[in-house]
Amino acid sequence: MNLTLKIWRQQDATATGKIVDYRVTGIEGDMSFLEMLDVLNEQLIHKGEEPVVFDHDCREGICGMCSLQINGEPHGPDRGVTTCQLHMRKFKDGDTIYIEPFRAKAFPVVKDLMVDRSAFDRIQHAGGYVSVNTSGNTIDANAIPINKDDADDAFAAATCIGCGACVAACKNASAMLFTSAKVSQYALLPQGQVEATDRVLAMVNQMDEEGFGNCTNTGACEIECPKGISLENIARMNREYLKASAKG
Ligand code: SF4
Ligand code: FES
């Protein structure tokens, strides 16, 4: 396949970016989207031009680092996959593909297609953990009976990889799906109950401080999420937040 790529180039967070056109040749359907960008970068380096900067790490849908807006959709046209799992067979010879960074005020551009998602880390640091003292006579976690539905829902929430596609998909750049997944994975389990009140208040407050928008129930986040994180988590987080606020 030979393709025309329209790629966002931006020197740093303060520079003005722009779309630049590239031609890339020799792309196979079995290549991943990131491998296609590797080919482009090799061709650019060969010509003495600066390669395009983009984020990646595991390249197998686990780490959440890859983060491209492809033809206007976070992680591109496929469903339930990250950018690194998207294959070029989804495109055809002669296609024009727009490639942009995830856009949100809370995700400033580092360079080109790479954005700074440390706002997510700060939300996690605000309460996404259990800090119960584990020294002494603690009970083995496997010995605590947990309702199967709750265990399944907690596990499903815990599959969020923190990629930020939900934010990029949302017209309000809301981080509610991400934050609610992190709140839910503890709210559903007995181990999470001890710090439940402080956790939801701290994480929601941090989310607001980072400049993410609010949820207006459009549901674009759920559709674009590569891990199928459900909107039910947002409803659960809202209930947890109300409960915690009432307790003061
Ligand atoms: S909720 Fe989905 S889209 Fe949002 S950060 Fe988690 S995995 Fe990514
Ligand atoms: S590079 Fe790790 S999820 Fe895509």
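Which residues come nearest to ligand 1? Of the 14 residues around it, they are C160, C163, A165, C166 and C225, where a residue counts as near a molecule if its C-beta atom, placed from the backbone, lies within 6 Å of it.

## Model and numbering

This is a predicted model, in which local features need pLDDT of at least 70 and side-chain atom pairs count only at pLDDT 80 or more, while totals for chains, interfaces and linings use all residues. Residues are numbered from 1 along each chain as its sequence is written, and chains are lettered from A and ligands numbered from 1 in the order in which they are written.

## The chain as a whole

The protein chain has eight helices and seven strands. Helices (H or I, at least four residues) and strands (E, at least two) are DSSP runs, numbered from the N terminus. The C-alpha trace spans about 65 × 35 × 35 Å along its principal axes.

Of the 248 residues, 38% count as buried. A residue is buried if 20 or more other C-beta atoms lie within 10 Å of its own, exposed if 12 or fewer, and partly exposed in between, with C-beta atoms placed from the backbone. Two residues are in contact if their C-beta atoms, placed from the backbone, lie within 7 Å. Among contacts between residues at least 6 apart in sequence, 70% join residues at least 24 apart.

## The shell around ligand 1

Helix 4 (165–169) and helix 5 each supply at least two residues of the shell around ligand 1. Helix 5 gives the most, with three residues.

By class, the shell has 11 nonpolar residues, two polar and one charged. Ala, Val, Leu, Ile, Met, Phe, Trp, Tyr, Cys and Pro count as nonpolar, Asp, Glu, Lys and Arg as charged, and the others, Gly among them, as polar.

## Helix 5 against helix 8

Helix 5 (residues 176–187) packs on helix 8 (residues 232–247) at an angle of about 70 degrees, with the axes 8 Å apart. Axes are lines fitted to C-alpha atoms, for helices over the stretch in contact, and angles run from 0 to 180 degrees between N-to-C directions. The two helices are therefore roughly perpendicular to each other, a term for angles of 65 to 115 degrees. On the helix 5 side, the residues in contact include M176, L177 and A187; on the helix 8 side, they include N233, I234 and E240. The contact holds seven nonpolar, four polar and two charged residues.

A187 lies in helix 5 and is buried, with 23 other C-beta atoms within 10 Å. Leaving aside neighbours within four places in sequence, A187 is in contact with G192, A196, R236 and E240. The C-alpha atoms of A187 and A154, 33 residues apart along the chain, are separated by 8.1 Å.

## Helix 6 against helix 8

The axes of helix 6 (196–209) and helix 8 come within 9 Å and cross at roughly 110 degrees. This pair is therefore roughly perpendicular too. A196, T197, V200, L201 and V204 in helix 6 meet M237, E240, Y241, A244 and K247 in helix 8. These residues divide into seven nonpolar, one polar and two charged.

## Two loop residues with positive phi

A173 is in the loop between helix 4 and helix 5. Although not a glycine, A173 has a positive phi of about 50 degrees. A173 is buried, with 20 other C-beta atoms within 10 Å.

N217 is in the loop between helix 6 and helix 7 (220–224). Phi of N217 is also positive, near 60 degrees, in a residue other than glycine. N217 is exposed, with 8 other C-beta atoms within 10 Å.

Definitions and conventions. Angles under 35 degrees count as roughly parallel, over 145 as roughly antiparallel, 65 to 115 as roughly perpendicular and the rest as oblique.
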